[in-house]
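Here is a short briefing to read alongside the structure. Take a moment to look it over, then follow the points below.

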Amino acid sequence: MEEQRRKQSVLMEHVASMEFYQKDNEQPVQVFQDLNFEALEGEIWAIIGNKAFEVRLFLEIVANARPYKDGRCVLNETGMMRKKRLVLPHVYYIGSTNMMFENMSVLEYLTFITAKEPGSIDERKHQIAKDLLDVNLGYLSEREISTLTPPEKSVVELMAGYYTESKLIIWNLARLYYDEKCILAIQTICQELQRQKRTLLFSSFDYKMIEACATHISPLYDGRFLCNSPVQDFIKTWDHLCAIIRDDRAKEMEEYLMKTMPDYEYRRNGNRLEVWDQHNNIAGYDAICATLGKNYYYPKFIEQHPYCVENAWKEIVYQYEQNSKTNG
(Lines give C-alpha, C1' and ligand atoms only; values in the text may rest on other atoms or scores of the structure.)
Protein backbone atom coordinates (compact mmCIF):
# COMPACT_ATOMS: atom_id res chain seq x y z
CA MET A 1 0.00 0.00 0.00
CA GLU A 2 2.88 2.38 0.79
CA GLU A 3 4.31 1.89 -2.69
CA GLN A 4 0.96 2.84 -4.24
CA ARG A 5 0.85 6.10 -2.29
CA ARG A 6 4.30 7.21 -3.44
CA LYS A 7 4.50 9.35 -6.55
CA GLN A 8 6.44 8.41 -9.66
CA SER A 9 9.60 10.45 -10.19
CA VAL A 10 10.44 8.76 -13.48
CA LEU A 11 8.34 6.63 -15.81
CA MET A 12 9.78 5.40 -19.11
CA GLU A 13 7.78 3.16 -21.42
CA HIS A 14 9.18 1.59 -24.60
CA VAL A 15 11.75 4.35 -25.06
CA ALA A 16 14.03 4.17 -28.09
CA SER A 17 17.07 6.35 -28.72
CA MET A 18 17.82 8.71 -31.58
CA GLU A 19 21.38 7.33 -31.61
CA PHE A 20 22.47 4.28 -33.62
CA TYR A 21 25.50 2.01 -33.73
CA GLN A 22 26.97 1.69 -37.23
CA LYS A 23 29.21 -1.27 -38.06
CA ASP A 24 30.89 -1.96 -41.38
CA ASN A 25 28.61 -3.65 -43.90
CA GLU A 26 25.78 -3.94 -41.36
CA GLN A 27 22.49 -2.16 -40.83
CA PRO A 28 22.51 0.57 -38.15
CA VAL A 29 21.24 -0.62 -34.76
CA GLN A 30 19.58 1.63 -32.21
CA VAL A 31 21.51 2.03 -28.96
CA PHE A 32 18.20 1.62 -27.09
CA GLN A 33 15.10 0.05 -28.61
CA ASP A 34 12.61 -0.70 -25.84
CA LEU A 35 13.61 0.63 -22.43
CA ASN A 36 11.16 0.54 -19.52
CA PHE A 37 12.00 2.10 -16.18
CA GLU A 38 10.24 3.42 -13.10
CA ALA A 39 11.57 5.25 -10.05
CA LEU A 40 9.43 6.44 -7.14
CA GLU A 41 9.99 9.44 -4.91
CA GLY A 42 12.53 8.86 -2.16
CA GLU A 43 14.48 6.21 -4.09
CA ILE A 44 18.20 6.32 -4.91
CA TRP A 45 18.87 4.50 -8.19
CA ALA A 46 22.27 3.35 -9.46
CA ILE A 47 22.60 2.75 -13.21
CA ILE A 48 25.47 0.39 -13.98
CA GLY A 49 26.48 -0.92 -17.40
CA ASN A 50 29.10 -2.44 -19.66
CA LYS A 51 29.40 0.69 -21.82
CA ALA A 52 29.89 4.14 -20.32
CA PHE A 53 28.29 5.76 -23.37
CA GLU A 54 25.02 3.85 -22.91
CA VAL A 55 24.79 4.60 -19.20
CA ARG A 56 25.41 8.29 -19.81
CA LEU A 57 23.00 8.42 -22.75
CA PHE A 58 20.20 6.84 -20.71
CA LEU A 59 20.44 9.47 -17.98
CA GLU A 60 20.72 12.26 -20.54
CA ILE A 61 17.44 11.07 -22.02
CA VAL A 62 15.85 10.92 -18.57
CA ALA A 63 17.01 14.48 -17.91
CA ASN A 64 15.63 15.56 -21.31
CA ALA A 65 19.15 16.75 -22.19
CA ARG A 66 18.95 14.50 -25.27
CA PRO A 67 15.87 13.76 -27.37
CA TYR A 68 14.46 10.26 -27.70
CA LYS A 69 12.91 8.72 -30.82
CA ASP A 70 9.98 6.62 -29.64
CA GLY A 71 8.11 5.78 -26.47
CA ARG A 72 6.98 7.82 -23.49
CA CYS A 73 8.85 9.50 -20.67
CA VAL A 74 7.30 11.24 -17.66
CA LEU A 75 9.22 13.10 -14.94
CA ASN A 76 7.49 13.91 -11.67
CA GLU A 77 4.16 13.25 -13.41
CA THR A 78 5.00 15.84 -16.10
CA GLY A 79 5.37 14.65 -19.69
CA MET A 80 8.50 15.40 -21.73
CA MET A 81 8.54 16.72 -25.26
CA ARG A 82 10.19 13.97 -27.24
CA LYS A 83 12.55 16.00 -29.45
CA LYS A 84 13.19 19.14 -27.42
CA ARG A 85 16.43 19.33 -25.45
CA LEU A 86 15.42 21.17 -22.31
CA VAL A 87 16.24 20.20 -18.73
CA LEU A 88 12.97 20.73 -16.88
CA PRO A 89 12.82 23.06 -13.84
CA HIS A 90 12.01 20.25 -11.41
CA VAL A 91 15.13 18.30 -12.54
CA TYR A 92 18.70 19.07 -11.47
CA TYR A 93 21.25 17.58 -13.86
CA ILE A 94 24.95 17.07 -13.09
CA GLY A 95 26.90 15.94 -16.13
CA SER A 96 30.35 17.43 -15.59
CA THR A 97 32.80 18.29 -12.83
CA ASN A 98 33.38 21.72 -14.38
CA MET A 99 30.10 23.34 -13.35
CA MET A 100 31.52 25.43 -10.47
CA PHE A 101 33.62 28.59 -10.11
CA GLU A 102 37.15 27.30 -9.64
CA ASN A 103 38.44 30.35 -7.73
CA MET A 104 35.87 30.04 -4.92
CA SER A 105 36.11 27.91 -1.83
CA VAL A 106 33.47 25.22 -1.38
CA LEU A 107 31.77 27.27 1.33
CA GLU A 108 31.82 30.42 -0.80
CA TYR A 109 30.38 28.60 -3.81
CA LEU A 110 27.50 27.00 -1.91
CA THR A 111 26.76 30.34 -0.26
CA PHE A 112 26.73 31.99 -3.70
CA ILE A 113 24.30 29.53 -5.29
CA THR A 114 21.88 29.85 -2.37
CA ALA A 115 21.71 33.64 -2.69
CA LYS A 116 17.91 33.57 -3.15
CA GLU A 117 17.39 31.70 0.12
CA PRO A 118 16.08 33.74 3.10
CA GLY A 119 18.52 35.16 5.60
CA SER A 120 21.71 37.19 5.45
CA ILE A 121 24.93 35.99 3.85
CA ASP A 122 26.46 35.36 7.27
CA GLU A 123 23.44 33.34 8.39
CA ARG A 124 23.50 31.23 5.24
CA LYS A 125 27.25 30.72 5.43
CA HIS A 126 26.94 29.58 9.03
CA GLN A 127 24.15 27.13 8.13
CA ILE A 128 26.01 25.76 5.11
CA ALA A 129 29.17 25.27 7.18
CA LYS A 130 27.09 23.29 9.66
CA ASP A 131 25.52 21.26 6.82
CA LEU A 132 28.95 20.42 5.42
CA LEU A 133 29.99 19.14 8.84
CA ASP A 134 26.77 17.12 9.12
CA VAL A 135 27.38 15.36 5.79
CA ASN A 136 31.08 14.78 6.60
CA LEU A 137 32.38 17.37 4.11
CA GLY A 138 33.67 19.85 6.69
CA TYR A 139 37.25 19.07 5.66
CA LEU A 140 36.53 20.57 2.21
CA SER A 141 34.68 23.72 3.26
CA GLU A 142 37.64 26.12 3.05
CA ARG A 143 39.34 24.39 0.11
CA GLU A 144 39.45 26.24 -3.21
CA ILE A 145 37.46 24.31 -5.79
CA SER A 146 40.39 24.27 -8.24
CA THR A 147 42.36 22.15 -5.73
CA LEU A 148 39.73 19.42 -5.41
CA THR A 149 39.94 16.06 -7.14
CA PRO A 150 37.20 15.23 -9.71
CA PRO A 151 35.42 12.91 -7.20
CA GLU A 152 35.51 15.64 -4.53
CA LYS A 153 34.15 18.18 -7.04
CA SER A 154 31.34 15.82 -7.98
CA VAL A 155 30.29 15.42 -4.33
CA VAL A 156 30.21 19.21 -3.92
CA GLU A 157 28.03 19.38 -7.05
CA LEU A 158 25.70 16.81 -5.50
CA MET A 159 25.56 19.00 -2.41
CA ALA A 160 24.64 21.93 -4.68
CA GLY A 161 21.80 19.81 -6.09
CA TYR A 162 20.67 19.13 -2.54
CA TYR A 163 20.25 22.90 -2.02
CA THR A 164 17.89 23.22 -4.99
CA GLU A 165 14.16 22.55 -4.85
CA SER A 166 14.42 19.91 -7.58
CA LYS A 167 12.48 16.75 -6.80
CA LEU A 168 14.67 14.72 -9.17
CA ILE A 169 18.48 14.92 -9.22
CA ILE A 170 20.42 13.18 -12.00
CA TRP A 171 24.13 12.66 -11.28
CA ASN A 172 25.79 11.43 -14.46
CA LEU A 173 29.50 10.86 -13.78
CA ALA A 174 29.91 7.11 -14.17
CA ARG A 175 33.70 6.96 -14.50
CA LEU A 176 34.52 8.42 -11.07
CA TYR A 177 35.61 6.31 -8.10
CA TYR A 178 35.36 7.52 -4.52
CA ASP A 179 37.40 7.18 -1.33
CA GLU A 180 35.84 6.36 2.02
CA LYS A 181 35.38 10.02 3.00
CA CYS A 182 33.50 10.82 -0.20
CA ILE A 183 31.36 7.68 0.06
CA LEU A 184 30.38 8.58 3.62
CA ALA A 185 29.39 12.08 2.48
CA ILE A 186 27.38 10.75 -0.48
CA GLN A 187 25.65 8.24 1.78
CA THR A 188 24.64 10.97 4.22
CA ILE A 189 23.34 13.24 1.43
CA CYS A 190 21.35 10.34 -0.04
CA GLN A 191 19.77 9.59 3.33
CA GLU A 192 18.66 13.21 3.62
CA LEU A 193 17.26 13.18 0.06
CA GLN A 194 15.26 10.08 0.97
CA ARG A 195 13.94 11.76 4.08
CA GLN A 196 12.74 14.66 1.93
CA LYS A 197 11.12 12.21 -0.53
CA ARG A 198 13.37 13.36 -3.36
CA THR A 199 14.80 11.01 -5.97
CA LEU A 200 18.38 10.58 -7.14
CA LEU A 201 19.47 8.69 -10.25
CA PHE A 202 23.21 8.24 -10.69
CA SER A 203 25.49 6.37 -13.07
CA SER A 204 28.46 4.56 -11.58
CA PHE A 205 30.90 1.70 -11.93
CA ASP A 206 31.97 2.12 -8.29
CA TYR A 207 30.54 -1.00 -6.65
CA LYS A 208 31.35 0.10 -3.08
CA MET A 209 29.61 3.43 -3.58
CA ILE A 210 26.54 1.71 -5.00
CA GLU A 211 26.33 -0.68 -2.04
CA ALA A 212 26.68 2.16 0.48
CA CYS A 213 24.38 4.72 -1.15
CA ALA A 214 21.82 3.24 -3.56
CA THR A 215 18.46 1.75 -2.63
CA HIS A 216 17.84 0.35 -6.15
CA ILE A 217 19.89 -0.73 -9.14
CA SER A 218 19.39 -1.11 -12.90
CA PRO A 219 22.07 -3.09 -14.76
CA LEU A 220 22.16 -1.88 -18.38
CA TYR A 221 23.77 -4.29 -20.82
CA ASP A 222 23.99 -3.80 -24.57
CA GLY A 223 20.98 -1.50 -24.73
CA ARG A 224 18.62 -3.32 -22.37
CA PHE A 225 17.94 -3.49 -18.66
CA LEU A 226 18.65 -6.96 -17.29
CA CYS A 227 16.53 -6.14 -14.23
CA ASN A 228 15.31 -3.27 -12.05
CA SER A 229 15.36 -4.07 -8.35
CA PRO A 230 16.36 -3.08 -4.82
CA VAL A 231 20.13 -3.40 -4.37
CA GLN A 232 19.92 -6.07 -1.67
CA ASP A 233 17.50 -8.18 -3.73
CA PHE A 234 19.87 -7.87 -6.70
CA ILE A 235 22.83 -9.09 -4.63
CA LYS A 236 20.86 -11.92 -3.03
CA THR A 237 19.46 -13.10 -6.36
CA TRP A 238 22.60 -12.92 -8.49
CA ASP A 239 25.72 -13.21 -6.33
CA HIS A 240 26.34 -16.96 -6.35
CA LEU A 241 30.12 -16.86 -5.91
CA CYS A 242 30.75 -19.35 -3.14
CA ALA A 243 34.54 -19.64 -2.94
CA ILE A 244 37.72 -18.35 -4.55
CA ILE A 245 40.73 -20.68 -4.65
CA ARG A 246 44.28 -19.81 -5.71
CA ASP A 247 46.75 -22.65 -5.92
CA ASP A 248 49.25 -24.25 -8.31
CA ARG A 249 47.03 -27.36 -8.28
CA ALA A 250 43.84 -25.44 -9.11
CA LYS A 251 43.22 -27.61 -12.17
CA GLU A 252 43.46 -30.82 -10.11
CA MET A 253 41.13 -29.38 -7.49
CA GLU A 254 38.65 -28.35 -10.16
CA GLU A 255 38.58 -31.86 -11.65
CA TYR A 256 38.17 -33.42 -8.20
CA LEU A 257 35.39 -31.03 -7.14
CA MET A 258 33.54 -31.50 -10.43
CA LYS A 259 33.36 -35.25 -9.71
CA THR A 260 32.49 -35.03 -6.03
CA MET A 261 30.32 -31.88 -6.05
CA PRO A 262 28.73 -31.75 -9.53
CA ASP A 263 25.91 -29.39 -8.49
CA TYR A 264 28.34 -26.47 -8.38
CA GLU A 265 29.71 -24.49 -11.30
CA TYR A 266 33.48 -24.10 -11.73
CA ARG A 267 35.29 -21.33 -13.57
CA ARG A 268 39.06 -21.51 -13.70
CA ASN A 269 41.60 -19.06 -15.06
CA GLY A 270 45.09 -20.44 -14.59
CA ASN A 271 45.74 -20.90 -10.88
CA ARG A 272 42.53 -19.13 -9.86
CA LEU A 273 39.40 -21.22 -9.42
CA GLU A 274 35.98 -19.81 -8.68
CA VAL A 275 33.22 -22.03 -7.31
CA TRP A 276 29.68 -20.78 -8.02
CA ASP A 277 26.67 -22.11 -6.16
CA GLN A 278 23.64 -21.69 -8.39
CA HIS A 279 21.40 -23.34 -5.78
CA ASN A 280 22.33 -20.98 -2.90
CA ASN A 281 23.42 -23.80 -0.63
CA ILE A 282 24.00 -22.18 2.77
CA ALA A 283 26.67 -24.73 3.71
CA GLY A 284 28.42 -24.46 0.35
CA TYR A 285 31.71 -22.92 1.43
CA ASP A 286 32.18 -25.25 4.41
CA ALA A 287 31.26 -28.22 2.23
CA ILE A 288 33.88 -27.26 -0.34
CA CYS A 289 36.60 -26.94 2.31
CA ALA A 290 35.64 -30.29 3.87
CA THR A 291 35.54 -32.04 0.49
CA LEU A 292 38.98 -30.73 -0.49
CA GLY A 293 40.37 -31.78 2.89
CA LYS A 294 39.13 -35.35 2.44
CA ASN A 295 41.49 -35.66 -0.53
CA TYR A 296 44.30 -33.78 1.24
CA TYR A 297 43.91 -30.67 -0.88
CA TYR A 298 44.81 -27.65 1.21
CA PRO A 299 44.83 -24.58 -1.05
CA LYS A 300 47.40 -21.86 -0.55
CA PHE A 301 44.53 -19.43 -0.62
CA ILE A 302 40.79 -19.95 -0.23
CA GLU A 303 38.18 -17.45 0.82
CA GLN A 304 34.44 -17.05 1.08
CA HIS A 305 33.87 -13.85 -0.80
CA PRO A 306 31.31 -11.54 0.83
CA TYR A 307 28.13 -10.99 -1.17
CA CYS A 308 28.49 -7.82 -3.23
CA VAL A 309 27.23 -5.85 -6.24
CA GLU A 310 30.34 -6.62 -8.29
CA ASN A 311 29.77 -10.39 -8.20
CA ALA A 312 26.04 -10.01 -8.84
CA TRP A 313 26.73 -7.79 -11.85
CA LYS A 314 29.25 -10.26 -13.29
CA GLU A 315 26.85 -13.16 -12.77
CA ILE A 316 23.78 -11.56 -14.33
CA VAL A 317 25.89 -10.64 -17.38
CA TYR A 318 27.33 -14.16 -17.54
CA GLN A 319 23.89 -15.75 -17.41
CA TYR A 320 22.56 -13.33 -20.03
CA GLU A 321 25.43 -14.15 -22.39
CA GLN A 322 25.00 -17.88 -21.83
CA ASN A 323 21.28 -17.63 -22.59
CA SER A 324 22.00 -15.56 -25.69
CA LYS A 325 24.37 -18.26 -26.98
CA THR A 326 21.83 -20.99 -26.24
CA ASN A 327 19.02 -19.11 -27.98
CA GLY A 328 21.16 -18.24 -30.96
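Let's begin with Thr291, which lies in helix α10. Helices (H or I, at least four residues) and strands (E, at least two) are DSSP runs, numbered from the N terminus. The model is a predicted one, where local features need pLDDT of at least 70 and side-chain atom pairs count only at pLDDT 80 or more, while totals for chains, interfaces and linings use all residues. Residues are numbered from 1 along each chain as its sequence is written, and side-chain values use heavy atoms, leaving out hydrogens and water.

**Thr291 and its surroundings**
- Thr291 counts as buried because its relative accessibility is 13%; buried means under 20% relative accessible area, exposed over 50%, and partly exposed in between (1.4 Å probe, protein chains only).
- Leaving aside residues up to four places away in sequence, Thr291 touches Tyr256, Leu257, Thr260 and Met261, where contact means heavy atoms within 4.5 Å.
- From C-alpha to C-alpha, Thr291 and Gln194 are 47 Å apart in space, and they are 97 residues apart in sequence.

- Four strands make an open, antiparallel sheet in the order β15-β16-β14-β17; two strands pair if DSSP finds at least two bridges between them.
- The edge strands, β15 (265-269) and β17 (301-303), each pair on one side only.
- On average, neighbouring strands of this sheet are turned by 15 degrees against each other, direction ignored.
- Helix α10 (residues 284-294) packs on the sheet and touches β14 (241-246), β16 and β17, with its direction at about 35 degrees to that of β14.
- For such angles, axes are lines fitted to C-alpha atoms (for helices, over the stretch in contact), and angles run from 0 to 180 degrees between N-to-C directions.
- Five bridges join β15 to β16 (residues 272-276), and these two strands run antiparallel.
- Arg268 has Leu273 in β16 as its bridge partner.

- Phe112 is found in helix α3 (residues 106-113).
- Is Phe112 buried, partly exposed or exposed? Phe112 counts as partly exposed, because its relative accessibility is 45%.

**The whole chain**
- The chain has 11 helices and 17 strands.
- Its C-alpha trace spans about 75 × 50 × 45 Å along the principal axes.
- Of the 328 residues in the chain, 50% are buried.
- Among contacts in the chain with a separation of 6 or more, 70% come from residues 24 or more positions apart.
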